[in-house]
Amino acid sequence: MPDQGGSRQNVTFPSNGRTAYGYLARPPQGVGPGLVVVQEWWGLTSHIAAMADRFAAEGFTVLAPDLFGGATTHDSAEAARLKRELPVEQAVEDLSGAVDHLLSLDGVAGDAVGVVGFCMGGGFALLLAARAGDKVAAVVPFYGLPPDPDFDYRGLTAHVLGHFGEHDRSIPMAAVDEAAIRIGEATDVRPEIHFYPAGHAFMNEENLLGTYDPLQARTAWQRTLTFLRGHLG
């Protein structure tokens, strides 16, 4: 069953004529590039809030939207149901609202943000980047692709860094290669893709799937920081 009290919400923001919720983390210096962190299918959990805090500690102003309206879970079947019942268009609207909200904050430097997404959120990160255009300068999907393999990436102008597991049974390496080709054909973007000797969700230290790999996670983390700093300042 979902944990209705588990979401780490601490902020609201307008999105498509309604109120959306999320977790906001600010850098120690108070000002930094904006970054949207997109949740896994578990919801806006303590893990996602911790990731937002980690990025904030590195100098980013971070907003992690709550796409499940407060529900979180550690049960795979329940997570699959929550993901299945989430309208893709609504999720992208909420994420677009998060981008606009970040860009409106005094503590955000620059006129574009970065987006990092994990699992389900990796796919949504790419959808958002294609929707938001030049409001997103850098996008980093971790082991996630859009649900439609034939998604039209026209509109995406952001630099792309992808992290995927060689042993990820849910996202074959061939599917990642095909997505990279489609991005290259539809845009001027040439994605930077890394494959790791790991399974799905190798970045999640809560290890709900038994696939957390601290060595690969550290490598992906450092690559991500270098990438974001290079394209967001």
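A: Start with a definition: two strands pair if DSSP finds at least two bridges between them. Strands themselves are DSSP runs of E with at least two residues, and helices are runs of H or I with at least four; both are numbered from the N terminus.

This is a predicted model, where local features need pLDDT of at least 70, side-chain atom pairs count only at pLDDT 80 or more, and totals for chains, interfaces and linings use all residues. Residues are numbered from 1 along each chain as its sequence is written, and side-chain values use heavy atoms, leaving out hydrogens and water.

Now the part itself: strand 7, residues 159-165. Six of its seven residues are buried (buried means under 20% relative accessible area, exposed over 50%, partly exposed in between, with a 1.4 Å probe and protein chains only). Strand 7 is thus mostly covered.

Strand 7 has a partner in strand 6, residues 136-142. Three bridges join the two, and they run parallel. Here V160 of strand 7 stands opposite V139.

Strand 8, residues 192-196, is also a partner of strand 7. Five bridges link this pair, again in parallel. G165 has Y196 of strand 8 as its bridge partner.

Step back to the whole protein. It has eight strands and six helices. Their order along the sequence is β-β-β-α-β-α-α-β-α-β-β-α-β-α. Of the 233 residues, 57% are buried. The C-alpha trace spans about 45 × 40 × 35 Å along its principal axes.
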